[in-house]
Each structure stands twice: as structure tokens, then as C-alpha cells.
Amino acid sequence: MEATSASDSVTVPETVTNHKEVVGRKEPPPEKPSDVRRRSFVVLSFWAIVLCLGLPIWWKTTSIYRASLPVDEMLDWSDGRACRPVFPLKITVEASELQQQEAQNLVRLTQHALDDLNDFSGHHLRLQLASPRSTTEIVQTTKDGTSALTIRLSPGDSTTAALHPYAPVLDITYPPHTIPSPTSSSSALATFVANQLRSTFAEEQATISYLLSAASGQPEQKPPGVTPEVADALAKRTTRSLKYSPTYHLTFSLFTEGEHPSSWDIQSAVDEFMKPVLDVLSPIHNFTIDTQVQLYATPGVQSQVLSKVELSSFINAAEWPLSPSIGGAPTINFVVYVGNQTIGLPAVEEGPDGIATSQSWLIPQWGTVYLLSLPGDATHVPTTLLKQPLLTFTSHLLSLLGTPQSGSLPLRLSTLSRIRSADLLLRASSTLGSLARLSIALPSIAIPSSVAEGVANTMSHLRLACDTLGSPEALYHARVAEAEAEKAFFEKSMVGQLYFPDEHKIAVYLPLLGPVGVPLVVGLLNELKAWRKRRRERAEKGKQKKET
Amino acid sequence: MHRFLSFLLLFLFSLYASGVASAADYHEQLVLQPLPLSALLASFNFRSNTSLSAFEAHNYRFFPRSLGQILQHAGTRELHLRFSLGHWDAESWGARPWNGTREGGTGVELWAWLEAEEEDEANHRWSTLTNALSGLFCASLNFIDGTRTTRPVMSFRPEGTLPNTNSSSNTQLLYGVLPREVVCTENLTPFLKLLPSKGKAGIASLLDGHKLFDASWQSMAIDVRPICPPGGECVLEIEQTIDMVLDIERSKRPRGNPIPRPVPSHELKCDMTKPYQSDDTCYPADYTASQDWTLSQVFGRLMKGACPLSDPSVPPVCLRVPHSRDVYVSVGVREMKNADGLSRCFEVPSDAEVDIVLPQIGQAGVTGHTANGAILTPDTPPLYAERSFTGYGQERGGVQTILTNPSPDKEVEFVYMESLPWFMRIYLHTLQARLDGQNGADNSLIQEVYYRPAVDRARGTQLELRMRIPPASTVFLTYDFEKSILRYTEYPPDANRGFDVAAAVITILRVGQEAVSTSSLRTTTLLLSLPTPDFSMPYNVIIFTSTAIALAFGGLFNILVRRFVAADEGPEVSIKTLKTRIAARLSDLVKKFKQAKIDRKE
């Protein structure tokens with residue numbers, strides 16, 4: 001460093017002596033300060049262009065579009081912080097035989113008793129007294145969905161309770177003396193009514209609290225008020241039931257190993273044995289029905305008596321044409337297999353469960369198989385023989401749809417719609433959470449604006465559903481929210497260029513950045529070196545001046 | 001040949017007649033016909049139908065549900081699907097089975113009448129249909145997009161009676177073709193699954209992917225059409241057809257030892273009439289050479305009885321050889337000779353394994369003389385067609401189709417349809433038809449032209465010509481085209497193989513009755529080679545432009561930044577100075593090293 005600086009600093013006498021040597025090297029004349037300054041400007045302007053123009057353009061053209069997602073809110077939904085599902089159920093009490101004040105007192109006492117019994121805050125029963133109207137009107141209002149259940153009180157000999165089989169009505173009779181006096185703080189009749197209500201809604205309550213606890217991600221922690229046995233049964237039922245869909249395709253298939261029977265009276269059998277239930281279910285689901293006959297179908301298991309393990313491989317999925325229907329809706333398969341095979345039941349285990357009889361079994365989220373044995377060479381299956389299979393199919397259909405098992409049919413169905421809306425709400429929330437976590441975990445994934453729109457839609461519908469839980473609109477909103485959330489999560493353009501190898505980037509950038517970058521960097525370094533040297537020289541000169 | 005055609009037609013009509021009788025029924029028949037050059041044509045035909053009311057109520061019995069659902073979902077009135085492989089050698093095999101109406105060009109062909117008011121709706125339904133069929137048949141039918149779809153105007157006519165057919169304006173015909181698709185066993189399996197017998201009984205038990213796709217030519221066809229007999233209930237009919245031409249020598253090879261080996265010289269079948277015939281010279285006797293076979297040999301398995309579902313009035317197997325030949329059959333099979341003297345049918349029990357043996361026609365069969373009695377001479381087809389590329393280079397090309405009318409007295413009228421890919425830009429003004437032996441174009445040959453030009457990357461060219469060829473003459477139909485250059489990403493894998501151009505469809509019209517198709521044929525597909533780029537090109541371009549930029553930039557930057565001095569003023573740069581500098585550095589290092597050693601010792 002010292003040597004070079006000495007040779008560079010121009011000392012005139014030395015150069016004069018060197019000049020005399022023929023072979024010796026000359027020093028270049030001193031550079032003009034304006035040239036030095038100009039060179040600095042050149043280098044700096046190049047760097048300015050690179051930094052102010054090149055880098056922004058590069059950044060702009062290579063960055064991926066990521067619409068901003070409300071990640072925190074989405075995570076709130078998935079963690080259950082955004083919505084606390086509450087099901088306020090209105091129960092109308094109709095006591096035409098009682099005086100207004102007596103009736104009000106009874107309702108108040110029953111409500112107290114109910115509140116004392118209730119240990120799960122999400123599911124809340126609220127009693128209200130019906131204004132004295134005709135019975136038909138009340139049935140009307142229950143159909144509108146404002147009231148989940150009507151209690152019809154009527155005087156009788158003893159305290160009894162009975163669910164009306166075709167309407168959401170609980171008939172309670174009471175001996176006249178049990179009516180509480182306006183001053184009393186407790187009443188046997190009120191407690192009885194409260195207990196009846198609680199047992200009626202026990203299954204729904206258990207199911208919803210199970211769903212909520214499963215969604216919060218702590219399956220070990222048992223929800224309050226649900227015994228382990230009940231929880232197990234609920235878990236079994238939830239895994240068995242199909243994902244919610246507004247429409248289901250029902251496919252009835254007749255399979256047989258040989259060439260007969262090749263025809264069946266399925267249309268009339270369905271009309272007779274299954275149609276009534278489908279009609280009742282129509283407010284919640286639509287159904288399309290198709291039937292087929294498949295001959296020469298060999299089952300996956302050939303043994304005469306099927307054991308429990310063999311049931312799972314009985315359906316010969318590779319050969320049997322049970323392809324799902326086209327169109328979005330899921331298919332539920334009902335298979336009648338004509339053959340002389342039977343199911344060997346371990347009598348103790350399976351008997352009371354009612355799922356596996358000796359002829360049929362239910363395949364979770366798929367459908368039902370019924371083994372039908374026919375005499376000899378029958379070529380046609382009449383309606384009478386199809387009665388038992390179709391009744392089995394009907395009960396299995398309800399269980400595949402996730403309908404609760406206790407209570408009267410209208411009550412079960414209204415419970416189903418509430419369970420479904422809670423389920424859809426939780427599903428949509430968890431999809432939102434997954435999307436939020438995905439967008440955090442993969443910083444290089446593109447998020448198109450349609451996803452952001454979908455998320456916004458989902459959240460607005462979730463909010464609406466959460467606010468109207470327990471009413472029929474909730475099901476609609478939850479359904480829309482779930483569909484929107486799924487659409488946003490499975491957006492096609494998000495997965496397109498997920499993998500872009502780094503080697504590829506090197507191959508693209510290196511040929512340009514190498515030859516251009518090296519002169520730029522070396523130029524800058526030289527310039528810095530020269531600038532430091534000049535500063536030192538100036539300092540030395542200043543020192544020398546002072547000394548002299 | 002007309003006898004054979006009329007035989008098939010008669011058979012078809014008899015099936016129609018019986019189809020009217022019951023709403024849901026099933027028929028199947030296999031027709032075997034030995035062809036010259038030791039070939040055997042096997043025509044499998046399966047037909048089942050369902051009443052339209054049952055179809056609309058989604059009750060399927062013999063009609064396959066998987067296909068029925070697709071038809072309903074896509075609003076399809078009539079559907080025709082073809083999977084074909086190989087080339088029909090019309091020169092030696094004569095006219096085609098079913099008059100060519102049950103075959104397609106190489107690859108996959110699909111045409112359907114869809115219920116749609118507008119073009120957009122039709123396109124949407126078409127894409128639904130192709131996607132669903134693609135899943136059902138494990139074929140790439142979903143690649144039939146706008147560029148591969150045409151709307152033929154003259155070539156196809158509905159085979160069934162469309163309901164409310166008076167207002168046929170609300171059905172639209174779409175035609176799509178995939179010439180590159182390789183038809184294989186995975187297409188046969190779903191095809192067999194559509195049959196009520198699932199390929200486990202009846203003649204379908206003979207179908208085996210190994211033999212079918214080893215054939216010289218094969219075509220699988222599915223036709224769905226609504227038929228409304230006058231006064232009867234409308235039915236929806238599905239007809240599945242498989243035609244195959246087996247090379248008997250090839251099929252008889254044992255499965256475990258399929259490698260062909262040269263025949264020992266004493267087993268060669270030579271034409272003894274040739275004057276040069278000797279021990280070391282042999283002219284192969286072509287006609288009867290190995291026209292002896294058994295069913296189990298050519299299909300690799302025995303037939304598992306007649307299908308119990310099928311109509312008992314239709315014999316399941318028919319064989320077309322002269323009555324003079326003996327045929328041996330298994331026990332229980334009853335032979336019925338037809339009155340025409342050219343064919344016989346077999347009634348087969350449903351629970352027996354059946355074999356049919358066509359023995360060698362005596363020792364005399366070795367010579368060429370008795371060949372004429374051994375098999376039937378195939379009929380002459382109404383038209384021969386062959387198509388090829390002309391032109392050279394990477395830019396210009398041409399297509400030439402040679403159409404020959406063999407009939408000595410009848411002229412033939414037909415519609416010639418090409419659906420070409422968009423990157424083949426044809427020059428319509430160069431289209432000309434020329435009679436053999438004449439110079440210059442003959443304008444009277446082409447009677448009508450329907451032309452829909454291509455739109456780049458959106459749709460292909462559609463060209464339909466109605467032509468009339470005088471008796472016993474040959475017509476050369478030629479046109480030129482330009483090959484366009486595709487974008488980098490538009491080339492398929494293995495682009496240097498070339499691009500398949502779909503077969504031309506020739507629909508022969510019955511003279512007198514306008515626009516009623518009687519038979520059709522297809523040319524072979526063509527392989528068009530387009531100029532293909534070097535696919536490492538993007539990297540080359542990047543490196544090349546980068547180098548150019550670096551050179552320009554480096555020069556500019558250096559001129560601006562460097563200081564120029566005289567040669568003797570700058571720092572000395574030569575090998576000598578470099579050497580001395582390196583030597584000095586090295587000696588410095590050595591010294592330091594030694595010093596360090598000494599220090600350590602001390």
C-alpha cells in the first residue's frame with residue numbers, strides 16, 4: 001500500500017531521473033480533478049440506475065400476487081373465538097284449560113327448573129306461553145320454525161307425557177291438584193315438565209356439544225354432560241354419516257352372480273316403502289333415484305358364511321359398476337345381492353346394535369348391502385320380496401344422513417337440521433383456518449383475488465348463520481358458507497406454480513448478473529479505494545502545510 | 001360382397017323387428033368370415049334396449065347405468081363412439097363390415113346429437129359429455145376441445161328417430177376426433193362392463209385384450225339411438241360392435257412362446273404352379289395358406305356357451321364359408337346351413353364350453369388351384385380411397401387423395417369430410433379434383449363445398465365436399481396448405497414424431513335418394529411433421545442475450561470509467577513480471593516457513 005501510494009504521488013524529480021533511463025517505465029501524468037469527479041459520477045449513476053430502476057422493476061415483475069386475507073379473523077373462526085354457537089329453542093306452552101296467571105306461573109317455574117337442570121350453555125330452551133289461539137294456528141307456527149316444540153297441557157287423571165308421532169307436540173296430562181299456587185316456589189308438575197323436555201332434547205344436546213368439542217381440537221377432553229359411552233356412540237354415528245349435501249343420489253342395484261334374476265319391481269317398491277320418508281326429508285334434502293340390474297357380478301368374498309372382517313371386502317369395487325353419479329351430489333348405494341350367502345354373527349357383540357342383521361350391513365358414508373336369498377331359478381323379484389330390504393334401506397338412510405335415533409320423526413328431522421347447520425358452520429370455520437394456516441406456511445403461494453372474495457363471502461355468511469342458529473335460515477347460510485370456503489380453499493390457480501426450483505432461477509439470472517455485476521462491483525470498489533486514498537493524501541497535505 | 005352386406009342388413013332388420021316386440025331385451029351375435037391372405041374377420045354385435053320411459057325414470061336393466069347417466073346429464077339424444085386401430089386393407093379384404101358404418105378412423109372418434117338451443121349451450125354440454133366419457137372409457141376424450149370439434153353439415157345423419165324430430169332445430173350435431181389416441185386394453189374393459197353379460201358368458205367371453213389389440217385391424221363402436229317404431233313405444237337402443245381382422249398365423253402362436261420363428265422349408269406352403277418352383281425357390285400360396293383354425297386357437301379361449309339373456313331366436317355364432325367345407329363343432333352345438341349356400345349358423349347351449357373347428361381343406365389345399373372353393377371371394381367396395389401428403393420442406397405441404405370408383409357402370413356420389421387441425425392452414429383456391437388421364441381440373445366432379453376456415457388456437461378447419469365420380473375412373477383430389485409455427489408450450493411431448501391428422505370421412509350417398517347415407521369409409525390418418533424448435537431454446541436465448549448485454553455494457557462501462565495512459569506509463573504487464581512476482585511470493589513463503597521452524601526448535 002505504501003509503495004503504491006508513493007509511486008502514485010507525483011514527485012517531479014524522480015520522474016525526471018526515470019525519464020533518462022531508456023527501458024524504465026514512465027508514470028502517467030497527474031489526473032485532472034474534474035476527470036476524477038466525472039468518474040465518480042459515472043460509477044454512482046450506474047449504481048443509482050441499478051438500485052432505483054432495476055431493482056424495483058425486477059421486484060415488480062417477479063413478485064407473486066397475494067391478495068390480503070384477514071388471517072387473524074379466519075383463525076378466530078377456526079378456533080371458535082368468533083362465534084359461540086348458541087341454540088335458543090323456543091318452546092310454546094299451550095294450556096287452554098288453565099287460567100292465564102296460573103299458566104304463567106307454571107311456565108316460570110318450569111323455566112327455573114330447566115335452567116337448574118341445564119349444564120350446557122350452548123343449548124338453551126326458552127318457554128313461552130301461547131296466546132289463546134286455536135290448535136291449528138299453533139301447528140302452523142311450529143311449521144314456520146319459530147317454535148321447536150309445543151307442549152300441550154291438558155287435565156287428566158295422572159301425570160303422563162307422550163310425544164305426538166306426526167307433529168312436534170308433547171302432550172302432557174296432569175291431575176288438576178298439581179297446579180302450583182301462585183306463591184309456591186317449586187312444583188312437582190314443573191319439575192316433571194322440565195325433565196320431560198330435557199330427556200326429549202338430550203340427544204340433540206349431546207350431539208351438539210360433541211361436535212363443538214371435536215371442532216375445538218381436544219377430543220380427549222370430554223364435553224360436559226356427555227358420558228364416555230354416549231360420546232363413543234356419537235363418534236360412531238358421526239363417522240358413519242355422509243357429508244352434508246342439498247341433494248343425494250340414491251342408487252338401488254340388484255347384483256347377482258349368474259344370469260338371473262334379471263328384473264325386479266323396484267319402482268313400485270320404492271314408491272311404496274321409501275317414498276314417504278323421502279317426502280318427509282324433502283325440506284332438508286332432495287333425492288334423485290336410479291336403479292340398475294347387474295348380472296354376472298362376483299363378490300369380493302366367495303365364502304358361504306361371511307365373517308365380520310370379510311364384509312369390508314364383499315363389494316367388488318374393481319368390477320362392479322358402482323361409479324358415483326356425475327354432477328356434484330354424493331351417491332348413496334343400496335345393493336341387493338341375490339345369493340345364498342349369510343353373515344355369521346358373533347351373537348353377543350352385534351345383536352343389540354341393530355346395524356348388522358343376518359342379512360344386511362351398513363357401510364359408513366357409502367350405503368347398505370342386503371343379501372337376499374331367492375328360491376332356485378326365479379327370474380323376477382316381486383315387490384313383496386323387496387319389502388324387507390327397502391325397510392332396512394330406509395332406516396339405514398336415516399342413519400347415513402346423521403338423523404338422531406330417539407324422538408318422534410318430526411322432532412328428529414328438526415334436530416337434524418340444527419345439527420347439520422352446526423356441523424356445516426364448524427366445517428366452514430375449520431376450512432377457513434386451514435386456508436389461513438396455508439397462506440402463512442407457504443409465503444410463495446399465489447393468492448388470487450377470487451380467494452379473498454370467497455373468504456369474505458364465507459365470513460359474512462358464517463356471521464349470519466351464527467346469529468340465526470337454531471332457525472331454518474341458519475342451515476342455508478351455513479351451506480353457502482361451507483361451499484364458498486371449499487371453493488376458496490381448492491382454488492386451482494393457487495397450486496399452479498407452487499414448485500419453482502432454485503436451480504432454474506440460477507440458470508436464468510447468472511448469465512446476466514455475472515458479466516454485468518462483476519464490472520459494476522469492481523468499479524465501485526476501485527472508486528471507494530481511490531476516494532479513501534484521496535482523503536488520506538489531503539489529510540497529509542494539510543499536515544505538511546501546518547508543519548511548514 | 002353385396003350378398004354379405006345384405007346378410008348383415010337382413011340380420012339388422014330382423015333384430016329391429018324383434019326389438020319392437022319387447023321393451024327391454026338383449027341380442028348378441030358373432031359373425032366369422034375368413035378373408036384372403038390368412039385373415040379372419042370377426043364381427044361381434046351386442047344390442048340391448050330400454051324403453052324411453054324407463055330410461056327417463058332412471059330404471060336401468062340391460063342398458064348400462066353408467067352410460068345412461070352420462071347421456072342424461074349431458075342431454076344427449078344420440079351418441080356414436082369409435083375406438084379403432086390399424087388399417088383395413090380394402091384391396092385384398094374388399095368391402096368393410098357393416099358397410100363401414102360401425103368403424104372409425106385410427107384413434108377415437110365421437111359424434112353426438114345434443115339437445116341445445118344455442119351454440120354455447122351445446123358446447124358446454126359437449127364438454128360435459130367428453131369429460132364424463134373420458135372417465136368412463138379411460139380415454140383422453142377430455143382433450144376434445146374447441147380445436148378438435150366440428151359441426152358436420154352433410155356427412156352425418158341421425159340413425160334413430162329423434163323424438164319431436166319435426167323440430168330438429170333444437171338438437172345439434174358435434175363431432176370430435178382424437179387421431180393420436182392409442183386404443184388399448186383399458187378401453188376394452190369398460191366396454192365389456194357395459195354389456196349385461198360382463199364378458200363372462202356368450203360370445204363376449206371370447207374377447208381378450210391380448211388378441212383384440214394384436215389384430216391387424218380392429219374397431220370398437222358404441223351407438224346409442226332412440227328408435228320410435230310406428231305405433232309402438234319409443235325405445236333407446238345401445239349397440240356395441242367389435243370388428244377385428246385377425247392374422248391367423250399370428251393368432252395361432254402359443255401364448256407362452258410368442259416369438260415368430262422361420263418356418264422350416266418343408267412346411268412352407270408354396271404355389272406349385274409357378275415355373276420356377278423348386279427346393280430353394282418358393283412363391284407363397286396366398287389364398288388358402290393356413291385357412292384352418294379353431295375358435296380356441298384364434299381367440300385364445302373357449303366360448304362359454306350362449307348368453308342366457310339373449311334372444312333365443314338369433315343364433316349366437318355364424319360362419320361364412322361355402323357349404324362345401326366341413327366344420328366340426330363341440331357336442332350340443334347344432335349347425336344350421338342357410339339357404340344362400342354361403343353361410344351357416346350355430347345354435348349353442350348356454351351351459352357348455354364351445355369350440356368350432358375349421359379344418360384344412362384336404363391335401364389339395366396346398367396348391368393354389370383349389371383355393372377358390374375354400375373361402376368366399378370378398379365383394380368389391382363401392383369406392384377406394386387413399387390419402388397422402390405431397391410437398392416438401394418445413395413450410396409448404398399438400399394433401400392428395402386418390403379416389404377410385406371400381407364399378408364399371410355406376411357412378412358414385414359421396415361426401416368427403418376433412419377436419420384438420422388449425423396449424424394446417426389450407427389454401428382453398430388450390431383445391432382441385434382431376435380425373436385420371438386428363439390434364440387440368442374437372443369442375444363437374446365437386447358439386448358442393450362447405451368450408452369453415454380455421455381460427456388460430458380456437459378451432460380447426462372443416463371441409464366438406466359433395467363429389468360425384470363417374471364409373472370406372474380415378475379422381476385425384478389435391479390441395480395445398482401451409483404449416484404454421486406453434487408456440488413453445490403448444491408442442492406436445494415427443495414433438496418430433498409429428499402431429500396426427502384425423503382420417504377423412506367419406507359418406508357414400510345412395511344415388512337418387514339425396515342425403516341418405518348407405519355406407520361410409522375412412523382414409524388412414526396422416527402424420528404431419530411441423531418445424532419443431534430446439535427445446536433448450538429458452539436457456540440458449542437467455543445466455544445469448546445476456547452475453548450480448550454483458551459485452552455492450554462491459555465495453556461502455558470500461559470506456560467511461562477507465563483512465564487511458566500511454567503503454568509505457570501503465571503498470572507493466574508481461575509474463576516475465578508475473579513470473580518474478582510469483583517467484584518472490586514463493587520465496588517469501590519458504591523463508592517464513594523456515595523461520596517458523598527454527599523458532600519452534602529454539
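In this predicted model, residues 41–59 of chain A form a span that is 100% helix and 0% strand, with its end C-alpha atoms 26 Å apart. UniProt, in an unreviewed entry, places the feature "transmembrane region" at these residues and also at residues 506–526 of chain A. Chain A as a whole holds 17 helices and 14 strands, and 32% of its 548 residues count as buried.

**Annotated spans**

- Over residues 506–526 of chain A, the other span that carries the UniProt feature, the chain is likewise 100% helix and 0% strand, and the end C-alpha atoms lie 27 Å apart.
- In chain B, the UniProt record, again an unreviewed entry, lists residues 539–561 as "transmembrane region"; this span is 100% helix and 0% strand, and 32 Å separates its end C-alpha atoms.

- Among the contacts in chain A with a separation of 6 or more, 74% are between residues 24 or more positions apart.

**Helices H14 and H15 of chain A**

- Helix H14 (residues 409–441) of chain A packs against helix H15 (residues 449–467) of chain A at an angle of about 150 degrees, and the two axes are 11 Å apart; because angles over 145 degrees count as roughly antiparallel, H14(A) is described as roughly antiparallel to H15(A).
- The crossing in which H14(A) passes H15(A) is left-handed.
- On the side of H14(A) the contact is made by A:Ser421, A:Leu425, A:Ala428, A:Ser429, A:Leu432 and A:Leu435, and on the side of H15(A) by A:Val455, A:Thr458, A:Leu462, A:Ala465 and A:Cys466.
- By class, the residues of this contact between H14(A) and H15(A) comprise eight nonpolar, three polar and no charged.

**Helices H15 and H16 of chain A**

- H15(A) also meets helix H16 (residues 472–489) of chain A, where the axes come within 8 Å and cross at roughly 160 degrees, which makes H15(A) roughly antiparallel to H16(A).
- H15(A) and H16(A) cross in a left-handed manner.
- Residues of H15(A) in this contact include A:Val451, A:Asn457, A:His461 and A:Leu464, while those of H16(A) include A:His477, A:Val480, A:Glu484 and A:Lys487.
- The contact of H15(A) with H16(A) divides into 11 nonpolar, five polar and two charged residues.

**Helices H4 and H14 of chain A**

- The axes of helix H4 (residues 71–78) of chain A and H14(A) come within 7 Å and cross at roughly 140 degrees, and H4(A) and H14(A) are therefore oblique to each other.
- H4(A) passes H14(A) in a crossing that is left-handed.
- From H4(A) the contact draws on A:Val71, A:Met74, A:Leu75, A:Trp77 and A:Ser78, and from H14(A) on residues including A:Ser430, A:Gly433, A:Ala436, A:Ser439 and A:Ile440.

**Two buried residues**

- A:Ser414 is found in helix H14 of chain A, and A:Ser414 counts as buried because 22 other C-beta atoms lie within 10 Å, where 20 or more are required.
- Leaving aside neighbours within four places in sequence, A:Ser414 is in contact with A:Ala148 and A:Pro168.
- B:Gln29, which is placed in strand E1 (residues 25–35) of chain B, is also buried, with 22 other C-beta atoms within 10 Å.
- B:Gln29 and B:Ala204 are 175 residues apart in sequence, whereas their C-alpha atoms are 9.4 Å apart in space.

**Interface between chains A and B**

- Contacts between the chains involve 38 residues of chain B and 34 residues of chain A.
- On the side of chain B that touches chain A, helix H3 (65–73) and helix H11 (537–561) of chain B each supply at least two residues, and the largest share, 13 residues, comes from H11(B).
- This side of chain B has 19 nonpolar, 10 polar and nine charged residues.

Key: Residues numbered from 1 in each chain as written. Chains lettered and ligands numbered in written order. Predicted model: local features only at pLDDT ≥ 70, side-chain atom pairs only at ≥ 80, totals over all residues. Axes fitted to C-alpha atoms, helices over the stretch in contact; angles between N-to-C directions. Helix = DSSP H or I, 4+ residues; strand = E, 2+ residues; numbered from the N terminus. Parallel < 35°, antiparallel > 145°, perpendicular 65-115°, else oblique. Left-handed = near helix turned anticlockwise from the far one by under 90°. Contact = placed C-beta atoms within 7 Å. Nonpolar A, V, L, I, M, F, W, Y, C, P; charged D, E, K, R; others polar. Buried ≥ 20, exposed ≤ 12 C-beta atoms within 10 Å, placed from the backbone. UniProt positions renumbered as here; feature names shortened; annotations may be inferred.
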